[in-house]
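Visitor: I would like to learn how to read some features of a structure, one at a time. Could you give me the general idea before each case?

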Amino acid sequence: MTLTERTMAGFRAAFGSEPDGVAFAPGRVNLIGEHVDYNDGLVLPLPISTGTAVAWSRCDGSEVEAVALDFGKERDRFLARSAKPHQPADWRSYLRGMAQGMDAQGVKLAIVGSNPRGAGLSSSASLCIALGRAMAAAGQVDPTHRELALMAQIAEHEWAGVHCGIMDQMAIAAGEPGHALLLDCRNLETRQVALPEDWAVIIVQSGVTRGLVEGHYNARRRDCELAAQALGITSLRDADEDMIRAANLDPVIAARALHVVSEIARTAEAVSAIEAHDLAAMGTLLRASHASLRDQFEVSVPAVDELVDLANAAIGPQGGARMTGGGFGGAIVAVLAADAAPRFIATLEQQFAQPRRAALNPMIEGKGRHLAGIEL
Ligand code: GLA
């Protein structure tokens with residue numbers, strides 16, 4: 001059964017009626033530009049083939065009623081205007097936040113997701129944008145990508161307590177299949193960067209899952225704010241390496257800031273590497289990004305480092321791999337020649353997954369993999 005069929009069947013079983021429609025939003029993987037979105041930086045994510053589907057129907061009255069088919073058919077029912085965050089934060093927090101943002105009323109929703117959770121692939125932003133699209137269709141309104149993304153970011157900040165940037169929401173709302181989205185987080189300007197036909201983007205699970213709310217994420221964000229404050233600038237987008245080295249900052253804060261300025265530069269260079277069809281240059285940037293996230297930003301974990309090292313050894317000079325997403329576990333992303341993909345996956349199966357009895361659940365994304373062409 002496709003994701004759409006599963007969602008429709010779940011809606012019928014939960015509410016005893018036919019849905020009016022099904023909305024979808026993908027997950028995202030970030031190619032490069034990690035932990036720079038909340039520093040007004042440049043990021044380069046792309047939408048992936050898994051996502052969240054929400055079957056919806058308009059109904060009389062002003063109540064929002066929802067069922068999460070992946071969470072033991074848990075239900076929620078409320079008036080959008082008077083909704084309060086669910087404690088502890090869970091899918092209901094996102095639902096209530098989006099419903100209030102959209103001023104939703106009189107709607108039934110059934111939710112199913114295929115994104116791996118805790119993998120750094122933005123299952124929560126995918127949930128928010130899919131909910132927003134379903135409520136928009138039900139309420140016959142047409143928010144822009146930017147409006148939807150900002151609403152989803154508010155749901156994350158104020159309803160789930162995660163002080164995330166805007167990358168995930170914009171990537172999911174505005175990303176196009178087969179393209180990476182160059183997003184300038186300072187002004188939300190976007191550019192679609194076509195991925196070469198013969199490159200594969202492969203996502204591989206480390207088996208270590210993480211939770212953003214655990215505080216590490218918000219702590220890194222605070223470190224960056226402290227650095228900007230000490231440098232007398234509004235965001236690290238305006239910093240450079242010389243300025244940071246000259247400022248006599250606390251060494252940990254300086255390391256965080258050095259990651260940010262070098263990662264923003266790498267993101268711009270990655271766009272040039274993609275446009276020049278230069279896998280070797282792209283690989284060098286991915287490796288440098290990982291080293292900086294591991295050593296300066298300190299958001300990796302040993303299992304992910306080991307997987308990245310094995311992946312880079314398996315790929316060789318034509319491409320590279322790094323951790324992706326917020327960190328502290330989750331998936332890695334690799335960019336390599338599409339025809340090298342089967343051997344790459346087989347090598348990681350043998351060297352990483354089998355000894356640990358873990359599942360890599362490899363996902364192959366990229367130009368050849370059009371979301372529109374995928375059976376949902
Ligand atoms: C999480 C956040 C994003 C971004 C990344 C790190 O995915 O939601 O806003 O900060 O971490 O790049």
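Guide: Let us start with a salt bridge, meaning a side-chain nitrogen of Lys or Arg within 4 Å of a carboxyl oxygen of Asp or Glu. Here E65 forms one with R75, and their closest N and O atoms are 3.5 Å apart. Because E65 lies in strand β4 (residues 63-68) and R75 in strand β5 (residues 74-79), the pair ties together parts that are 10 residues apart in sequence; strands (E, at least two residues) and helices (H or I, at least four) are DSSP runs, numbered from the N terminus. This is a predicted model, in which local features need pLDDT of at least 70 and side-chain atom pairs count only at pLDDT 80 or more, while totals for chains, interfaces and linings use all residues. Residues are numbered from 1 along each chain as its sequence is written, and side-chain values use heavy atoms, with hydrogens and water left out.

Visitor: How many salt bridges does the structure hold, and which residue forms one with R256?

Guide: There are 21 salt bridges in the structure. The side chain of R256 meets that of E298, with 3.0 Å from N to O. This pair links distant parts of the chain, 42 residues apart, since R256 is in helix α8 (residues 251-275) and E298 in the loop between α9 (279-295) and α10 (302-315). R256 counts as buried at 6% relative accessibility, whereas E298 counts as partly exposed at 40%.

Visitor: What is the partner of R12, and which residues are linked with R186 in a network?

Guide: R12 forms a salt bridge with E18, and the closest N and O atoms are 2.4 Å apart. R12 is partly exposed, at a relative accessible area of 35%, and E18 is also partly exposed, at 48%. As for R186, a network of salt bridges links this residue with D40 and D238.

Visitor: Which peptide bond is cis, and where does a residue other than glycine have a positive phi?

Guide: Most residues other than glycine have a negative phi, and most peptide bonds are trans. In this model the bond from Q87 to P88 is cis, with omega near -10°, and P88 is placed in the loop between β5 and α2 (91-102). A positive phi, near 50°, is found at D103, which sits in the loop between α2 and β6 (107-113) and is partly exposed, with a relative accessible area of 36%. N248 likewise has a positive phi, near 55°; its place is in the loop between α7 (241-246) and α8, and N248 counts as exposed at 74% relative accessibility.

Visitor: Finally, which residues line the largest cavity?

Guide: On a 1 Å grid over the protein atoms alone, a cavity is a set of points where a 1.4 Å probe fits but cannot get out, and lining residues have an atom within 4 Å of a point. A volume is the space filled by probe spheres set on the points, which are joined across faces, edges and corners. A search of the whole structure finds 1 cavity of 30 Å³ or more, and the largest cavity has a volume of about 30 Å³. Its lining is made by L31, L195, W199, V201, M282 and V335.

Note on methods:
Buried means under 20% relative accessible area, exposed over 50%, partly exposed in between (1.4 Å probe, protein chains only). On a 1 Å grid over the protein atoms alone, a cavity is a set of points where a 1.4 Å probe fits but cannot get out, and a pocket is an open set with protein on both sides within 12 Å along at least five of seven lines; lining residues have an atom within 4 Å of a point.
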